[in-house]
Amino acid sequence: MTQAETDRQRIDKWLWFARMARTRTAAAQLVADGHVRLNGQRITQAAKALRPGDVLTVALQRDVRLLRVLATGARRGPYEEARLLYEDLAASDAAS
């Protein structure tokens, strides 16, 4: 397997690892319902691959998150571990 292949991950799996959804099924449904944009383009396939550097716009129930993918996940860990997978771009805009 090449480095490029190992740095890619299914978007539903990544959303679950990053704790944007409670279950992987819910993450897949979020994508299928059109609530996720990858680099500005709406996607509806949960199997779509993402990689570090990609920007996600995720419309959650109560807010919209703008995230830059920093890493792919290896497991669904605690919040502190999940937080290392992304940079919240909306929070960095508000701080400046």
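Is Asp88 buried or exposed, and what is its relative accessible area? Asp88 is buried, with a relative accessible area of 16%. The legends below describe close-up views of a predicted model.

Figure 1. Strand 6 comprises residues 64–69, and its side chains alternate along the strand. Arg65, Leu67 and Val69 point to one face and are buried. Arg68, by contrast, is partly exposed, with a relative accessible area of 31%.

Figure 2. Strand 5 covers residues 55–59 and pairs with strand 6 in the antiparallel sense. Five bridges hold this pairing. One of them involves Ala59, whose bridge partner in strand 6 is Val64. The two strands are joined by a hairpin of four residues.

**Figure 3. The pairing of strands 6 and 7.** Strand 7 consists of residues 86–88 and runs antiparallel to strand 6. Three bridges join the two strands. Within strand 7, Tyr86 is the bridge partner of Val69.

**Figure 4. The salt bridge between Arg65 and Asp88.** Side chains of opposite charge can pair when their charged atoms come close. Arg65 and Asp88 form a salt bridge in which the closest N and O atoms are 3.2 Å apart. Because Arg65 lies in strand 6 and Asp88 in strand 7, the pair ties together parts that are 23 residues apart in sequence.

**Figure 5. The salt bridge between Glu87 and Arg68.** A salt bridge also links Glu87 and Arg68, with the closest N and O atoms 3.6 Å apart. Glu87 belongs to strand 7 and Arg68 to strand 6, so this pair ties together parts that are 19 residues apart in sequence. Glu87 counts as partly exposed at 30% relative accessibility, and Arg68 is likewise partly exposed, at 31%.

**Figure 6. The salt-bridge network of Arg10, Asp12 and Arg24.** The structure holds five salt bridges. Arg10, Asp12 and Arg24 are linked in a network of such contacts. Asp12 counts as buried at 3% relative accessibility, whereas Arg10 counts as partly exposed at 35%.

Terms used: Residues numbered from 1 in each chain as written. Predicted model: local features only at pLDDT ≥ 70, side-chain atom pairs only at ≥ 80, totals over all residues. Heavy atoms only, no water. Buried < 20%, exposed > 50% of the residue type's maximum accessible area, 1.4 Å probe, protein only. Pairing = 2+ DSSP bridges. Salt bridge = Lys/Arg side-chain N within 4 Å of Asp/Glu carboxyl O.
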